[in-house]
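Please prepare a careful briefing on the structure shown below, covering the backbone, the aromatic rings and the ligand site.

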Amino acid sequence: MEFSTKAIHSSYDCDEHNRALMPPIYQNSMFAMHGIGEQTPYRYSRLSNPTRQVLEDTVADLEQGVAAFAFSSGMAGIDAVWRTFLKPGDTVVAVSDIYGGAYDLLVDVYAKWGINVVFADLSNPANLDDILAKQTVKLVWLETPSNPLLRLVDIKTLAEKAKAAGALVGIDNTFATPYLQQPLTLGCDIVFHSATKYLCGHSDVLMGVVVVKTPELAKPLHNMMVNTGAIAGPMDCWLVLRGIKTLALRMQAHCRNALEIAKRLESHPAIERVFYPGLPSHEHHELAKAQMPKGIGGVVTVYLKNDSKAAADSVIQNMNIVKMAASLGGVESLVNHCYSQSHSGVPHDVKMQMGIKEGLLRFSIGVEDVEDIWQDISTALNSTL
Ligand SMILES: Cc1ncc(COP(=O)(O)O)c(C=O)c1O
């Protein structure tokens, strides 16, 4: 089956569920047993739940993995992966422009628990060689395209290098979705999604989904999920399943609108620089064409010429359709002031090194009519001139 067919039909057989065409919401904590020792498929929803199982199997199928696990938020999913595969004394190498919440978790929690955390600019794969030559690395954690500057790393090359050194490779594939990029096919072991974003697509669920490549990785991760209990609830799983049915269509519309808006922003007088890997001006445009041939996704980031919080606020306050909000990946267009929102926990000097300036705005371009989106953004930008 092709991607868009799988997204609608994968992993659900209506014959097993009274021919209910859509997966039912099994809003149960427990499943009754006939007697002692009976082997029933479901017993207690922390262990597994039929609605969650359909979602997990669907995402595993879309990412070409063997199993998936759905958590109560993206951060709960990342934490479960790191807690499963890292122990005190181990080294994790993470991309330097990692999502702010993941940065906080590494620095505020994992480093304090004795994990050696190394941040590196992996857009140059030779930087990973240098690290691997000096120390034993347990896990390499990638994120591409990154949040918010949409920098890319070469997944295949980095995975080859990490695997040759005996490290596991995990990747945050939230911005790309399995529609645009399937990292397990490029050598990664673990794929993570903040399903809160595009997989859900309608800004009404918080969820993390982790997909693994082998049964050997699935077992300890499932144990961690069961032991720590941060599972996704049945209703949320059903909503994300429903979102996934239109993932291909939505991603096509996000990519089309975002590319058009990015092109127009490049010639707007209020804009200093546009970050969108689909544009020839982006530093990783060639890699983007090779690694993400179907499209680059819906996020477009800009530096305002007037690099100030006041100018950023003026743009935000002058837009009507595009709302300021913390997240991204829904059908509606949003804007984020990363300096004070997504990356607020990151120290000022680290933000400057990461390129998170006060005049940076990250747009999540939705699937509304592109002329309406442009009218809203371009008029608001004029207020900074
Ligand atoms: C790239 C990326 N990874 C992980 C997360 C964390 O996911 P959640 O907010 O669902 O916990 C986010 C949230 O913004 C994100 O953008």
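Pro 145 is placed in the loop between strand 4 and helix 6 (155-164), where helices (H or I, at least four residues) and strands (E, at least two) are DSSP runs numbered from the N terminus. The model is a predicted one, in which local features need pLDDT of at least 70 and side-chain atom pairs count only at pLDDT 80 or more, while totals for chains, interfaces and linings use all residues. Residues are numbered from 1 along each chain as its sequence is written, and side-chain values use heavy atoms, with hydrogens and water left out.

**Backbone**
- Thr 144 and Pro 145 are joined by a cis peptide bond with omega at about -5 degrees.
- The loop between strand 4 and helix 6 also holds Pro 148, and the peptide bond that leads from Asn 147 to Pro 148 is cis, with omega near 10 degrees.
- Asn 18, found in the loop between helix 1 (3-9) and helix 2 (50-63), has a positive phi near 55 degrees although the residue is not a glycine.
- As background, most residues other than glycine have a negative phi, and most peptide bonds are trans.

**Aromatic rings**
- Seven aromatic pairs are found in a search of the whole structure, a pair being rings of Phe, Tyr and Trp (its six-membered ring) with centres within 6.5 Å, counted as stacked with planes under 30 degrees apart, edge-to-face over 60 and tilted for the rest.
- One of them is the edge-to-face pair of Trp 82 and Trp 141, at 5.4 Å centre to centre and with 80 degrees between the planes.
- This pair links distant parts of the chain, since Trp 82 lies in helix 3 and Trp 141 in strand 4 (residues 139-143), 59 residues apart.

**Ligand site**
- The ligand is surrounded by 15 residues, the closest being Met 75, Asp 172, Ser 194, Thr 196 and Lys 197, where a residue counts if one of its heavy atoms lies within 4 Å.
- Oxygen atoms of the ligand lie 2.9 Å from a polar backbone atom of Met 75, 3.5 Å from an N or O atom in the side chain of Tyr 99 and 2.6 Å from a polar side-chain atom of Thr 196.
- Taken alone, the ligand exposes 390 Å², of which the protein buries 92%, with accessible areas taken from the Shrake-Rupley method with a 1.4 Å probe.

Key. A polar contact is a pair of N or O atoms within 3.5 Å; within protein, one must be able to donate a hydrogen and the other to accept it, and residues adjacent in sequence count only if both atoms are side-chain atoms.
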